[in-house]
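Thanks for coming, everyone. Please look at the screen.

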Amino acid sequence: MKISEQWLREWVSPALSTEELAHQITMAGLEVDGVEPVAAEFSGVVVAEIVSAEPHPDADKLRVCQVNTGAETVQIVCGAPNARAGLKAPLASVGAVLPGDFKIKRAKLRGVESQGMLCAEQELGLSEESAGLMELAADAPVGADLRAYLGLDDKVIDISITPNRADCLGVVGIAREVALLNSLEVSAPDCATVAASIEDTFAITVEAGDGCPRYVGRIIRGIDVSRPSPLWLQEKLRRCGIRSIDAVVDVTNYLLLEMGQPMHAFDLAKLQGGIIVRTAKDGESLELLDGQTIPVTPGTLLIADQSGPLALAGIMGGKQSAVSNATTDIFLESAFFAPERLAGKARSYGLHTESSHRFERGVDFQLQVAAMERATRLLLDIVGGEAGPVQEVVSQADLPPRPDVVLRAARIEKVLGFELAREDVERILCGLGLAVTPTDEGWTCAIPSWRFDIAIEVDLLEELARVYGYNRLPVKSIHADLQMQARPETDLSIRYLRRHLGARGYREAITYSFVDPGLQQLFDPNLTPVALKNPISAEMAVMRTSLLPGLVSAVLHNVNRQQSRVRLFETGLRFAPGSDGLKQIPTLAMVCAGERFAESWSTPAEAVDLFDLKGDLESLLALTRMPAGCAFEAAERPALHPGQAARITRKGQDVGFIGALHPTAGARLGLNTALYLCEIDLEVLLEGERPQFKELSKFPEVRRDLAIVVDKSVPASQLMDAVRGASGTYLTDLRLFDVYTGKGIDPKRKSLALGLTFRDHSRTLDEEVVNLAMGQVVDLLEKNYNAELRN
């Protein structure tokens, strides 16, 4: 927010330089981004009056003006279209220096001598563009130095206001802070009641009291919009980055900047029946002040009349009811809109206005009547007219509650690390606008209506530290009894898993927890994700029920940028809704696409496949020292290829899945390469088995290979489980080392080659024992799986 230093000093003027003031504001938690002069450097420019303006004898677009400088009358040749007798404008006399070190000299224009230059705002560095001479007020003193007359030796302080400090989005809020920091009083402007001179009223109906707990309105008749805003008003707006439009709009903008209260004026002649504050209905639209017509979504808070919508409440007015040059009667509005009802609404329409910026963060809900009186007085003084009575509609039950907050004296020293005198505590709290009642243990504080960010005790502690000065807080060494926490050997750390995956060529990705609803639906169509009330964008509108939408988007981003080998993993929470509420499940997800190995002369160029990813996942499971605890079972899952997908189970419970992205899903995403992905509950990978020593056998092992032919529908894992159960206690290792289909094998069957290793810790196994075990295995496979030994 930009604020004029001179304007601020009208409210409170500490004995500080501009730099000291900016530093003090920053140290109080309101960061000053910059300090700039309100006007470029120039000298020798005075207020002058055009006495006469005659056409140039040799140029149609030039005029020869006689100009009174206060000390003499000089001749100036000017090309501005608004140069006319009686106009008061800035004059750069001979010898003056304009911005850019431009020096004014005597000159002849088409043979006519000119003794200076009448100036426009752009030539003085006061505006980026101008259509003619800068027109000064009729009562401007001729001969006065322009910088002194306009107060141009001023600075604009640009302050970055954090979202929690909406009370500082006005001069009054900054003034309160500066006054407290310097133990001064605030000189507030006069907001005395303006007595009604007419009895005219306009019906106000608030149907959405929860969205608009307070609505204040007033009729003002007989105004003259043609009267320009006074120069002081235009200058204050300009220095805060707002251009002057007309006196009525300028006054509402002035109140927004001064008191932080957005206001709006309607042309009374264009209103029908009365003001209605309600939510939008299906099929309604509104033409805004900026000229665009938008369809209004149901639920949006509107200001309407009997004919339809007039304005987006707290965001922007409508063009149909706007004040124009023909306006003589206005209905002035000052309201409080609930921040939660307006949060994100402006952004959903692609808008961001000064009003929405303030209402979304919270406007003082006791300010509306005072702002109305202040605006009324300014309007009557500038454009004239007669004011009706103030009309107010309030829903007390919907106004923000202001419960008292208790501050304990003992907590100050414990949290802030030093003891603060009671009188200093009370001075700071009272200076913040709190009503403070001392108690035996501390203080009970009534929170003012403009502070939405103070709700609990630590908020008050933060205020004490902020106002006392963070740079003044004592620095102490921390003394504490620290005890090392026991860490079971069965627990693995996430850092360990990350290092392991990094060693296998994976890169860690961090994606948003909120994703595109369409992408979420692709991977989990049977779950209804939690929708955000205030999404950043339509593409980030729901909480993820899987980590894969974000990772797949990351893969697509990399593939589109010519990355031929992509391996990513992510650890994070997924948010799964269920009958017992929302579950936040720590999860690991992995994706891989492209080439199996990085390009090298030593390895052939081969594409990655599902078993590469499965092997990487099994290497993680091996870290737990109980990899057999998880099983892979063929299954179907949305977005995955039905022939290349499996669920991961542990103790009969599903804990994850693995598979290949379905080509249809890949085409929908614009991914033209095969993608393999898996997701598993992180809990499975972090719980391991305690390592135990086992004595190595001194006796040799016996290896037997077995090739069998079975139906293609029989899972290899099922066969291996059966072999383990039938081979006896001497089996120490079982491996599947070959899978064959093709020539010599029934097309409906497949050949599996198993390697069985036997060993005993007390003796060398003889052929009889091994043959007995192998016979049991073969009998079981032939009986239960219709297996045949392959010759």
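**Cavity and cysteines**

The largest cavity is lined by R165, D167, G173, R176, E177, G431, L432, W450 and R451. This is a predicted model, where local features need pLDDT of at least 70, side-chain atom pairs count only at pLDDT 80 or more, and totals for chains, interfaces and linings use all residues. Residues are numbered from 1 along each chain as its sequence is written, and side-chain values use heavy atoms, with hydrogens and water left out.

What do I mean by a cavity? On a 1 Å grid over the protein atoms alone, it is a set of points where a 1.4 Å probe fits but cannot get out, and lining residues have an atom within 4 Å of a point. The structure holds one cavity of 30 Å³ or more. The largest cavity has about 50 Å³ of space, with volume taken as the space filled by probe spheres set on the grid points.

Which helix gives the most to that lining? Helix α4, residues 171-181, with three residues. Helices here are DSSP runs of H or I, at least four residues. By class, the lining has five charged, two polar and two nonpolar residues. Gly counts as polar here, and Trp and Leu as nonpolar.

Now the cysteines. How many disulfides are there in the whole structure? A disulfide needs two cysteine sulfur atoms within 2.5 Å. For C168, the closest cysteine sulfur is in C240, 15 Å away, so too far for a bond. For C592, it is in C678, 8.1 Å away, again too far. C168 is buried, at 0% relative accessibility. C592 is also buried, at 0%. Buried means under 20% relative accessible area, with a 1.4 Å probe and protein chains only.

Conventions. 1 Å grid on protein atoms, 1.4 Å probe; cavity = no way out; pocket = protein on both sides within 12 Å on 5 of 7 lines; lining within 4 Å. Helix = DSSP H or I, 4+ residues; strand = E, 2+ residues; numbered from the N terminus. Buried < 20%, exposed > 50% of the residue type's maximum accessible area, 1.4 Å probe, protein only.
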